[in-house]
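Open the model in your viewer and keep a selection tool at hand. The stops below say what to select and what is found there.

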Amino acid sequence: MDNLLGANENLMNTYANLSIVLDHGKGSKLYDINGNEYIDFTSGIGVSSLGYGHEGWVNAVTEQVKKLAHTSNIFLNEPVLKLAKKITEISNMKKVFFANSGAEANEGAIKLARKYSYDKYGEGRNTIITLNKSFHGRTITTLKATGQEKFHKYFYPFTEGFKYTDANDIDSLISCVDESTCAIMIEAIQGEGGVNPLKKDFVDEIFKIATKKDLLVIFDEVQCGIGRTGKLYGFNNFNVEPDIITLAKGLGAGLPIGAVLCNEKLQETFKPGDHGSTFGGNPVVTSGALEVLNIVSNDSFLNEVSKKCNLIKTFFKNASSSKVKEVRGMGLMIGIEITEEASKIQKAALDNGLLVLTAGPNVLRMLPPLIISNEELEKGLSILLQSIENV
Ligand SMILES: Cc1ncc(COP(=O)(O)O)c(C=O)c1O
């Protein structure tokens with residue numbers, strides 16, 4: 001173990017990782033190489049939506065990897081066609097492009113929005129408004145789309161054409177829109193930014209302005225999509241219909257995928273040569289994603305996710321801890337704002353057999369697998385509360 005951890009030196013120093021080496025998982029539990037068991041409230045930052053070792057998903061990917069692992073997009077493959085049909089149908093969208101990550105999906109969405117505007121209005125109408133505290137990825141363009149200056153610091157020059165406004169501030173949004181604006185990109189619940197849900201009147205105002213000025217509305221559903229909030233998409237909580245949706249994380253359930261979905265308005269925008277990806281739409285990954293959608297797009301599954309949200313909120317209400325300032329979020333995307341340093345609680349929880357995330361200095365973030373049982377959830381919550389109380 002010590003020798004193995006020493007090899008961490010060979011990885012670039014980009015993650016402040018917790019020093020455990022994970023070995024295997026089953027359901028909502030993970031085990032390290034020393035045999036220690038952990039309840040998982042992280043699902044690999046919202047990826048392992050079906051938990052670990054899910055039979056249907058494992059069969060889907062292993063059968064496909066034996067049959068055909070990769071083709072390139074010069075050819076078609078069966079899983080990508082099936083997934084494209086399913087995902088556009090259940091999302092009420094017209095077309096989909098498959099990529100490999102959230103950042104890549106957002107890059108695709110930004111290109112799509114700018115091309116739509118260029119085709120219709122010509123040069124100069126290319127600014128995208130995003131929100132302060134948002135997170136859209138780590139590439140040079142999606143970092144600039146991310147409304148958090150701390151991420152920009154060392155990496156100038158960036159792609160131009162982004163403006164930021166505060167979430168839930170309608171006046172600031174209105175003052176941001178001008179003749180150069182082509183789109184507004186938002187997360188229904190900001191994940192990395194602290195688990196901040198948008199308010200309905202703000203979302204309604206975005207759609208009002210967008211309709212008036214022919215702006216595109218892009219929902220970044222990379223973290224809050226695919227059942228995470230108890231609805232298929234985070235924006236379903238607001239009863240609106242975006243022009244573009246981006247996906248990744250939970251759709252892959254353990255393998256890398258990204259997706260850009262668009263409505264009728266944008267269905268002719270991309271032409272051959274405008275965009276592409278070598279691995280995008282890979283048959284193994286898309287076989288697994290199809291299994292995810294077959295499970296997650298079911299109303300009774302989604303209702304269970306919502307019930308678990310109630311369980312979490314009731315737990316903290318009953319606990320009435322003076323160290324818990326607020327519990328917010330939807331479904332199984334929950335932020336717990338505390339009076340203590342979140343990273344300290346995260347380490348204490350780890351020592352007590354629970355894996356949990358942070359989202360900023362004072363927010364603990366829960367993103368458990370969507371299939372977590374009530375029993376595991378309750379046990380994990382008790383460990384979390386104990387860790388908060390005892391610090
Ligand atoms: C809302 C949102 N968008 C985009 C991304 C970037 O996704 P990826 O890390 O797969 O590039 C993330 C990652 O946390 C995210 O939460």
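This is a predicted model: local features need pLDDT of at least 70, side-chain atom pairs count only at pLDDT 80 or more; totals for chains, interfaces and linings use all residues.

**Two loops with positive phi**

Stay on Asn168 and display its backbone torsions: phi is near 65 degrees, a positive value in a residue other than glycine. For background, most residues other than glycine have a negative phi. Asn168 belongs to the loop between S6 and helix H7 (170–176).

The C-alpha atoms of Leu198 and Asn168 are separated by 6.3 Å, although the two residues are 30 residues apart along the chain. Leu198 sits in the loop between strand S9 (196–197) and helix H8 (200–213). Is Leu198 buried or exposed? Its relative accessibility is 5%, so Leu198 counts as buried.

Move to Ala253, in the loop that links helix H9 (249–252) and strand S12 (258–262). Ala253 also has a positive phi, near 55 degrees. Ala253 is buried, with a relative accessible area of 5%.

**A cis peptide bond**

Select Tyr156 and Pro157. The peptide bond from Tyr156 to Pro157 is cis, and its omega is near 5 degrees. In general, most peptide bonds are trans. To place Pro157, look in the loop that runs between helix H6 (140–145) and strand S6 (162–165).

**Aromatic rings**

Next, show the aromatic side chains. How many aromatic pairs does a search of the whole structure find? The search finds seven. One of them joins Tyr154 and Phe155 in an edge-to-face arrangement, with 6.0 Å centre to centre and 80 degrees between the planes. Tyr154 is exposed, at a relative accessible area of 64%. Phe155 is partly exposed, at 44%.

Then select Phe315 and Phe316. This pair is edge-to-face as well, with centres 5.4 Å apart and planes at 90 degrees. Phe316 has a relative accessibility of 6%, so Phe316 counts as buried.

For a group of rings, select Phe207, Phe219, Tyr233 and Phe235, which form one aromatic cluster.

Finish the rings with Tyr121 and Arg125. Arg125 lies over the face of Tyr121, 3.9 Å from the ring centre.

**The ligand**

Select the ligand and the residues around it. There are 13 of these residues, and the ones that come nearest are Gly102, Ala103, Asp220, Gln223 and Lys249. By class, the shell holds three nonpolar, six polar and four charged residues. Which helix gives the most to the shell? Helix H5 (residues 102–121) does, with three residues.

From a backbone N or O atom of Gly102 to an oxygen atom of the ligand, the distance is 2.8 Å. From a polar side-chain atom of Asp220 to a nitrogen atom of the ligand, the distance is 2.7 Å. From an N or O atom in the side chain of Gln223 to an oxygen atom of the ligand, the distance is 2.8 Å.

Key:
Residues are numbered from 1 along each chain as its sequence is written. Side-chain values use heavy atoms; hydrogens and water are left out. A residue is near a molecule or strand if one of its heavy atoms lies within 4 Å of it. A polar contact is a pair of N or O atoms within 3.5 Å; within protein, one must be able to donate a hydrogen and the other to accept it, and residues adjacent in sequence count only if both atoms are side-chain atoms. Helices (H or I, at least four residues) and strands (E, at least two) are DSSP runs, numbered from the N terminus. Ala, Val, Leu, Ile, Met, Phe, Trp, Tyr, Cys and Pro count as nonpolar, Asp, Glu, Lys and Arg as charged, and the others, Gly among them, as polar. Rings of Phe, Tyr and Trp (its six-membered ring) pair if their centres lie within 6.5 Å; planes under 30 degrees apart count as stacked, over 60 as edge-to-face and the rest as tilted. Buried means under 20% relative accessible area, exposed over 50%, partly exposed in between (1.4 Å probe, protein chains only). A charge sits over a ring if NZ of Lys or CZ of Arg is within 6 Å of the ring centre and within 35 degrees of the ring normal.
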